[in-house]
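Reader: I have just opened this one and would like to learn how to read it. Could you walk me through some features?

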Amino acid sequence: MNFTKINHRSSVPVAALQRPRQAHYGFGRVQRVPRQSVSPGRTSLTITASAATPTVADAKAKFLQAFNRPLPSLYSTVVLELLVQQHLYRWNANYVYNPVMALGICSIFDQVLQGLPEAEQEAVFNAYISALEESPEQYRKDASMLEAAATSAGSVDALLPSSDGNECQQIMASIAEKVSSGKFLYTKFFAVGLFRMLELAGAKDPKALGGLVEGVGIPQERVNADLVTYKNILSKLKAAKEIMKEFVEREKRKQAERAAEKEAQKEAA
């Protein structure tokens with residue numbers, strides 16, 4: 001399944017360093033999978049606000065309070081945008097946490113934050129998940145569990161929903177049941193988690209994704225579109241990081257040249 005490999009800790013995505021103020025990364029619409037539907041149709045949901053529901057501003061404030069040191073704009077732009085988008089999912093009435101989504105989020109962060117010191121990466125991730133009033137430890141635990149289970153599965157068949165199957169299959173069976181009852185809130189992070197599972201299982205056949213998506217009961221067209229969007233984000237972030245790297249190296253050369261020139265002037269004097 002040569003889709004553009006999404007490695008757990010590989011180079012990753014952002015939009016360009018200079019992007020329009022209203023540009024976004026396409027992870028913003030909250031959607032629920034229609035009851036017993038395999039069509040690409042969409043069901044819009046309204047998030048009902050209440051006195052107890054945190055606002056986007058609250059989420060940002062919690063993140064900045066938990067991670068209260070400078071973060072390069074190359075990373076902060078993406079992290080804050082993802083936070084806004086996931087906030088909409090998190091406080092939707094139909095939201096239910098699941099390990100596949102956790103794997104998707106962890107995979108995205110491991111790629112987006114590549115280039116930062118490992119301790120810094122984990123601090124940003126912890127602040128992000130805590131700002132959503134969820135447990136970063138639970139995300140990491142479930143993502144690691146699903147990674148190990150998908151790796152040992154070895155094929156897409158061993159990932160298909162089955163209440164009597166392995167750990168992966170039981171998780172997928174629970175999700176498929178929610179999809180069938182119309183109580184599953186589909187997110188683009190879930191799509192990334194599905195792709196990561198297939199990647200770990202070594203399922204490279206292009207039909208593997210279709211088989212897994214059909215088994216869960218989610219419209220494949222929607223998943224395909226979200227993965228293509230994510231692929232484009234990764235490409236843009238990679239390009240932005242390359243530009244930043246070239247800029248830093250160029251500045252270092254200039255500083256070295258100026259220092260050498262000053263030294264030569266001192267010796268000449």
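**Caps, rings and burial**

Author: Let's start at a helix end. Asn98 caps the N-terminal end of H3, with a side-chain oxygen 3.1 Å from the backbone nitrogen of Val100. Keep in mind that this is a predicted model.

Reader: How many residues does helix H3 have, and how far does it reach?

Author: For this you compare the span from end to end with the expected one. H3 covers residues 99–112, which is 14 residues, and its first and last C-alpha lie 20 Å apart, close to the 20 Å expected at 1.5 Å a residue.

Reader: Is H3 mostly covered or mostly open?

Author: Here you look at burial, and a residue counts as buried under 20% relative accessible area. H3 is mostly covered, with 14 of its 14 residues buried. For the protein, buried residues make up 46% of the 269 residues.

Reader: What does the secondary structure come to?

Author: Nine helices and zero strands.

Reader: Now the rings. How many aromatic pairs are there?

Author: Eight. To read one, check the distance between centres and the angle between planes; under 30 degrees counts as stacked, over 60 as edge-to-face. Phe63 and Phe67 are stacked, at 6.2 Å centre to centre and 20° between the planes.

Reader: Why does Phe63 count as buried?

Author: Because its relative accessibility is 3%, and the cut-off for buried is under 20%. Phe67 is buried too, with a relative accessible area of 3%.

Reader: Which residues form one aromatic cluster?

Author: Tyr97, Phe109, Phe125, Tyr128 and Tyr139 do.

Reader: What lies over the face of Phe125?

Author: In this kind of feature, you look for a charged side chain above a ring. Arg140 lies over the face of Phe125, 4.2 Å from the ring centre.

Terms used
Residues numbered from 1 in each chain as written. Predicted model: local features only at pLDDT ≥ 70, side-chain atom pairs only at ≥ 80, totals over all residues. Heavy atoms only, no water. Phe/Tyr/Trp six-rings, centres within 6.5 Å; stacked < 30°, edge-to-face > 60°. Buried < 20%, exposed > 50% of the residue type's maximum accessible area, 1.4 Å probe, protein only. Lys NZ or Arg CZ within 6 Å of the ring centre and 35° of its normal. Helix = DSSP H or I, 4+ residues; strand = E, 2+ residues; numbered from the N terminus. Expected span 1.5 Å × (residues − 1). Polar contact = N/O pair within 3.5 Å; in protein donor to acceptor, adjacent residues only side chain to side chain.
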